[in-house]
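Dear colleague,

I am handing over the structure below, followed by an account of what was found in it. Please read the text with the structure open beside you.

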2 protein chains.
Amino acid sequence: MKGRGPEVFFGARSVAVVGASPDPRKAGHQIVRNMLDAGFPGAVIPVNPQGLGVAGLRAYRTLHEIPERVDLVVIAAPAAAVGEVAADLERRLEQRGDVRAVVTAAAGFAETGTEEGRRRQEVLLGVCRRHGLREMGPNCVGIIDNENHVDTTFIVGTRRRRGGVSMVSQSGAFGAWLVSAWSAQVVPAGINKFCSLGNMADVDLVEMLEFLGRDDTTRVVGMYLEGHPDARLLVETAGDVARRKPVVVLKVGRSEAGSRAALSHTGAMAGSDRLYEAAFRQYNILRVESADELSDTLQALDRLPLPRGDRVFLVTQAGGPGTFCTDVLASFREVRWAEVGEGARSALRELLPPFASVCRPEGYCDITAAATVEQHARTVELVLRDPGVDAVILITVPTLYIPGEELAAAVADAWERACRAVGPKPLLCSFLAGDVVREGRRILEERGLFTFETPDRAARALRNMIRYRQGLLRRQGGDGKECTGDGPFDRA
Amino acid sequence: MKGRGPEVFFGARSVAVVGASPDPRKAGHQIVRNMLDAGFPGAVIPVNPQGLGVAGLRAYRTLHEIPERVDLVVIAAPAAAVGEVAADLERRLEQRGDVRAVVTAAAGFAETGTEEGRRRQEVLLGVCRRHGLREMGPNCVGIIDNENHVDTTFIVGTRRRRGGVSMVSQSGAFGAWLVSAWSAQVVPAGINKFCSLGNMADVDLVEMLEFLGRDDTTRVVGMYLEGHPDARLLVETAGDVARRKPVVVLKVGRSEAGSRAALSHTGAMAGSDRLYEAAFRQYNILRVESADELSDTLQALDRLPLPRGDRVFLVTQAGGPGTFCTDVLASFREVRWAEVGEGARSALRELLPPFASVCRPEGYCDITAAATVEQHARTVELVLRDPGVDAVILITVPTLYIPGEELAAAVADAWERACRAVGPKPLLCSFLAGDVVREGRRILEERGLFTFETPDRAARALRNMIRYRQGLLRRQGGDGKECTGDGPFDRA
């Protein structure tokens, strides 16, 4: 059954939705809607016992009577109907043999902990096994593939944008939350692929990681993790992916109570958190502490160039927020303050008013609240071009003197000029004025930058980028320790 | 000069804006706009050298020719013009003697570190001293008083709502950022008074804290702090206020670099951060780590009842986010898991499906993604009513089955019923579905609850509420240590 990889989910050209409903409050309706809204170029075929059309699409009563080819079946029918659905699916497979994958959204399977639930799961899985199908779920929110315009989820209000972030979640709700939050951003997160694993009856986390590791359009992998029966295999797989692209993980179960909550949620033995922690470090897997940090880190890694070193320069138009961010950066042992050369120092002193704080402290420049658009842009360009600087954070509270849109365009220009001149360097922007700067932030993001809600979130994402790069260097340095089997899970 | 307290700023009945401009990109325009938008019931009088009307208001060329009474003067004219403005003000004072307070928005005074800047500040202050006026600033964003419909700031896009949160900031930009962020919330933060201190030439932080401490409509005080020349007086004053209402502080300068940034910003000696830290603990002043935590804590303390103990119950419809939040709560030593009685346990087991996790772990209930509106509301009510529970966090990812609006109304009803039955208890809600739940969150907030962007932010705010209560008890317990002068600043 493992002959076909998870690509069968993401490359589908026609999708049948079993349990498709004309009632907009049902998952079986929203799934059809999401497939259409995603711009799926192939056929979307509703299936329900009455053969009721959904969203103007012709429906069928059963899978086996659909005349077109069907690659992927999404099951939104209740778990209680799984016997009929499985029989219908099997009949189709015997007749046509076309379906390659099943996504089962319905809950009521093994996750209930009941004999009946386990039996239902086995019935469905049995059909898949006999015919070489891959199954996602059951009890999952579904998959999104913005490369191929697939969205089998029932998440409402999604704004889809292609990008390099792929996310795999052991919690459907956590995944749905992220997709919703990403949709509400000034520019939606660039999701490449999203996958809610559900009960992992067939496709499991390790296989998904392997797949995302070799998927060329995925630039960075995010993971919500509760635990895995083979923790060593999991972290080795993630570590292998992390040689090629960053893997960012929010792992729960740090605490005794959290472990027990995870256990009653997915049945996952969280395992010793300390072992996971040690393995994450060893394999350069970036562990984050919150959903915000996960979001920021994934998007910063996707959109911005990786810093070539750990020397950070902070440019601020706002003394208070700049001082606050300085404290946050200073608390990270991965970060050093950049020392710009004498040329940049005198250019900054000439550019800025005498009461601006140029390199006081080192790696910091307060351009003052009176700074013009040009002073913002030229400062950013000067420090980005300095060979002693690997990354720049820009904080500003654009007031009525400096319209956010004009400022954003000038800053994006400066960044591009500097990158053309000295090679790509990350610029992390935090424009702090609530809804007033939404348009300015949109401009920055459409020019390829990423904007952060708060300066501390920018600092944290940058720390993680630097940490990833340091891990890459360490592993390339090559004591090969992580591959020899003496990892933390062996020492346990 | 200290005879009149800061109330002179907040009780003004007529305001003249010097430097008022018809150009919407000037601070002197936005200040007039904000006074009008705030619904100021008295006269707003533009003053500029040409006597140009602003926003349809009649203007004057000088202060001294205004026929009406003037309580408050806002100076938005450039610092270079301070000589003329001060002379004009003095002439008015000699003739009419009515003005009681001045807010100076303009920058270019002592903060520039130049002789000229200091001289300008002295000129202005000299007039104020001679005539018994109080002065705020210079170099400040201004003041807001939603009780009296005053807004002398030039912050754009402010949505004003009366509430119990008063905020005093040693950074104008930090303050402006908060006001902007609070305006962008689903329901704007309930600001009582806001004050940007600027150079503190006259009114300083200690006096503002004293004032907010005795101001009855202020329920909770927030502070952005860089440092104070008399750190001991500052923390003792804040500690005195904290006996009556919570004081929440974001203090920067934790790090060496941060101290130096603060020094070059406001010239404030950040002082030893460890001494501040110890004093904050001793005087029950709540120190927070970020602007988000400051916002959440202030608003939770303003809107929600203080928990009567430290026993927290977490209700979640979403396993992943619930497990994540469990870890966060478990990391706080101030928090204990609530143990509900046998009655509540069996009622929950009866109410919820068999695969729901009822009190597994203790203090935790996963009502499952299939939970109805009624199951949400009844669970919340059951645990709130249990005598073993002091506070409840509710996490949910409302999908299309459970419309956020309906759920919000039912949850607010349940909270009210429980509070009527057993007395007030805090309920902290985190509805996690991006823009889709804005309307639901609005309903919850209009019913007196507060909603959090993320579960960890709810957990952190609750931890701070519990910490405040524990501090109150400790101080009431009464070794009186904090008043005997053996505080950390003495031991230094």
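Two strands are said to pair if DSSP finds at least two bridges between them. Please also keep in mind that this is a predicted model.

**Strands of chain A**

Strand 6 (residues 143–145) of chain A pairs with strand 9 of chain A in the antiparallel sense, over three bridges. In this pairing Ile144(A) has Phe194(A) as its bridge partner. Strand 8 (residues 162–169) of chain A, by contrast, runs parallel to strand 9 of chain A and is joined to it by six bridges. Ser196(A), in strand 9 of chain A, stands opposite Ser169(A).

**Salt bridges**

Side chains of opposite charge can pair when their charged atoms come close. Over all chains, a search of the whole structure finds 82 salt bridges. One of them joins the side chains of Arg134(A) and Glu207(A), at 2.6 Å from N to O. This pair links distant parts of the chain, with Arg134(A) in strand 5 (residues 134–136) of chain A and Glu207(A) in helix 6 (residues 205–214) of chain A, 73 residues apart. Both Arg134(A) and Glu207(A) are buried.

Two examples in chain B lie within helices. In the first, the closest N and O atoms of Arg385(B) and Glu381(B) are 2.9 Å apart, forming a salt bridge. Arg385(B) and Glu381(B) are separated by about one helical turn because they are four residues apart in helix 13 (residues 373–385) of chain B. Arg385(B) counts as partly exposed because its relative accessibility is 38%. Glu381(B), at 11% relative accessibility, counts as buried, the cut-off for that class being under 20%.

In the second, the side chains of Glu439(B) and Arg442(B) form a salt bridge of 2.3 Å from N to O. These residues are three apart in helix 15 (residues 438–446) of chain B, about one turn of the helix. Glu439(B) has a relative accessible area of 31% and is therefore partly exposed. Arg442(B) is likewise partly exposed, at 26% relative accessibility.

**A network in chain A**

A network of salt bridges links Lys251(A), Arg254(A), Asp273(A), Glu277(A), Arg281(A), Arg287(A) and Glu289(A). Of these, Asp273(A) lies in helix 9 (residues 273–282) of chain A. Asp273(A) counts as buried, since its relative accessibility is 11%. Its side chain makes a polar contact of 3.2 Å with the side chain of Lys251(A). Leaving aside residues up to four places away in sequence, Asp273(A) touches Lys251(A), Val252(A), Gly253(A), Arg254(A) and Arg287(A).

**The interface of chain A and chain B**

The size of an interface is often given as the accessible area lost when the parts come together. Between chain A and chain B the buried area is about 4,900 Å², and carbon and sulfur atoms give 67% of that. On the side of chain A, the residues that lose the most area to chain B are Arg25(A), Trp177(A) and Leu400(A), together 15% of what that side buries. Contacts involve 67 residues of chain A and 67 residues of chain B.

Which kinds of polar link does the rule find across the interface? It finds ten residue pairs in polar contact, both residues being at pLDDT 80 or more, and zero salt bridges. Several elements of chain A supply at least two residues each to the side that touches chain B, among them helix 2 (27–37), helix 5 (172–183) and helix 16 (455–477). The largest share, eight residues, comes from helix 11 of chain A. By type, the residues on this side of chain A divide into 33 nonpolar, 18 polar and 16 charged.

Yours sincerely

Key
Residues are numbered from 1 along each chain as its sequence is written. Chains are lettered from A and ligands numbered from 1 in the order in which they are written. This is a predicted model: local features need pLDDT of at least 70, side-chain atom pairs count only at pLDDT 80 or more; totals for chains, interfaces and linings use all residues. Side-chain values use heavy atoms; hydrogens and water are left out. A salt bridge is a side-chain nitrogen of Lys or Arg within 4 Å of a carboxyl oxygen of Asp or Glu. Buried means under 20% relative accessible area, exposed over 50%, partly exposed in between (1.4 Å probe, protein chains only). Contact means heavy atoms within 4.5 Å. Buried area is the accessible area (1.4 Å probe) that two parts lose on being put together, summed over both. A polar contact is a pair of N or O atoms within 3.5 Å; within protein, one must be able to donate a hydrogen and the other to accept it, and residues adjacent in sequence count only if both atoms are side-chain atoms. Ala, Val, Leu, Ile, Met, Phe, Trp, Tyr, Cys and Pro count as nonpolar, Asp, Glu, Lys and Arg as charged, and the others, Gly among them, as polar.
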